[in-house]
Amino acid sequence: MRVAFRADSNAVIGTGHVMRDLALAQELAAQGAEVRFVCRHIGQAQSEAIRRYGFALDLLPQSDNRPIVPDDHSSWLGVSWQRDAEETLAAVKAGGGVDWLVADHYGLDAAWHSRVRTAGCRIAVIDDLADRKYDCDLLVDQSVAADPRIRYGGRVPPKALVLSGPRFALLRPEFREALKVRRARDGAVSHVLVSYGGVDRTGETLKALSALASLDAPPQVDVVVGAANPHRNEIRDRTAALPFAHLHVDTPLMAELALKADLAFGSAGGSALERCCLGLPSIITVSAANQKRGALALDRAGAALVLGEADEVSVGNLRMALIGLMALPSELRSMGERAAAICDGEGTRRVVSRMEALAMYLRPARSTDCVP
């Protein structure tokens, strides 16, 4: 198959869309597919990752100087949807065409999908908002709380296939490989992972560091941030002053760090499913509106402790949650076991198998099909 991904990343959009697309792209490539990315806004680290994995990257012209507003998804394209569709079509056709176009962008809806479909390709959508209509053949929502009958009823074509829930989580291959060496945690906390995604606009990393620094005997801490993090310099200075903390910027070793950790501070986006896959219990702060449903589902399942939204969570809240869990090793151990039961790391394989099946066409046999 030939597959193109349409996704963006920046300080407002975040890096999660491109990263989960990369996970699916790697599995597609492993099955022999030819993959390319079409992006308008993308950070240097993400563009380097795309090229490092051997995928082509088509960069669309920069925006019409339209402001990108966090809560206004229609602004995230930076241009009109019509212009974006035409430029995406041009990039796809210049690359020789595709069998599938995967749209992972909150700023794209059925109008865009219908226009791009004229290239003769199938449309796949990766989404977790269920807030608009989609003209697609396949929709993937990896959310823990996803319910396709309720969330996507009337929003997708009747014949569209909806793959819903953590069974279809788009995790990079290293997490599936890490499962082979996952250790049984005993509930003791000697290593903590702090990772709030590639951007962390609300500064949750700094809060977590302050909470850890307030302990009489802090555990060893690995701090993971993206190059687009607006607080990166402050985090760098803070970790340099803490002998127990180690900073990692855009690390390719996320699975390894999660394996080593006994507890994590993080958000409820795609990284929460990475932690679940490796049975890592976590203290979660909701840092974006689209994370609320998934965070509550993880809390109800006993797979994480959710403290609330970013503006509600203080350093003191984080400190008390940490002290409380460290005093209950049996509860922490059970939390990790319940997390591991949510996600098995096979999601990309399941999605690719569905894409391959949908890409098959029937035609009458011809004499030229015979083996001589």
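1. Helices (H or I, at least four residues) and strands (E, at least two) are DSSP runs, numbered from the N terminus. On that basis S195 is part of strand β8 (residues 191-195). The model is predicted, so local features need pLDDT of at least 70 and side-chain atom pairs count only at pLDDT 80 or more, while totals for chains, interfaces and linings use all residues. Residues are numbered from 1 along each chain as its sequence is written, and side-chain values use heavy atoms, with hydrogens and water left out.

2. S195 has a relative accessible area of 7% and is therefore buried (under 20% relative accessible area; exposed is over 50%, partly exposed in between; 1.4 Å probe, protein chains only). Apart from neighbours within four places in sequence, S195 is in contact (heavy atoms within 4.5 Å) with V224, M254, F265, G266, S267 and R275.

3. S195 also lines the largest cavity, together with F175, L193, M254, A258, F265, S271, E274 and R275. A cavity is a set of points, on a 1 Å grid over the protein atoms alone, where a 1.4 Å probe fits but cannot get out; a pocket is an open set with protein on both sides within 12 Å along at least five of seven lines; lining residues have an atom within 4 Å of a point.

4. β8, α9 (254-260) and α10 (270-277) each give at least two residues to the lining of the largest cavity, and α10 gives the most, with 3 residues. That lining divides into 5 nonpolar, 2 polar and 2 charged residues (nonpolar: Ala, Val, Leu, Ile, Met, Phe, Trp, Tyr, Cys and Pro; charged: Asp, Glu, Lys and Arg; polar: the others, Gly among them).

5. The second largest pocket has about 190 Å³ of space. Its lining comprises 15 residues, with A184, R185, G279, G336 and E337 nearest its centre. By class, the lining has 6 nonpolar, 3 polar and 6 charged residues.

6. Of the 15 residues of helix α1, 11 are buried, so α1 is largely enclosed by the rest of the structure. The buried residues of α1 pack against β1 (2-6), β2 (34-39), α2 (44-52), β5 (122-126), α6 (173-178) and α14 (347-358). After α1 comes G32, with a positive phi near 100 degrees.

Terms used:
Points joined across faces, edges and corners; volume = space filled by probe spheres on them.
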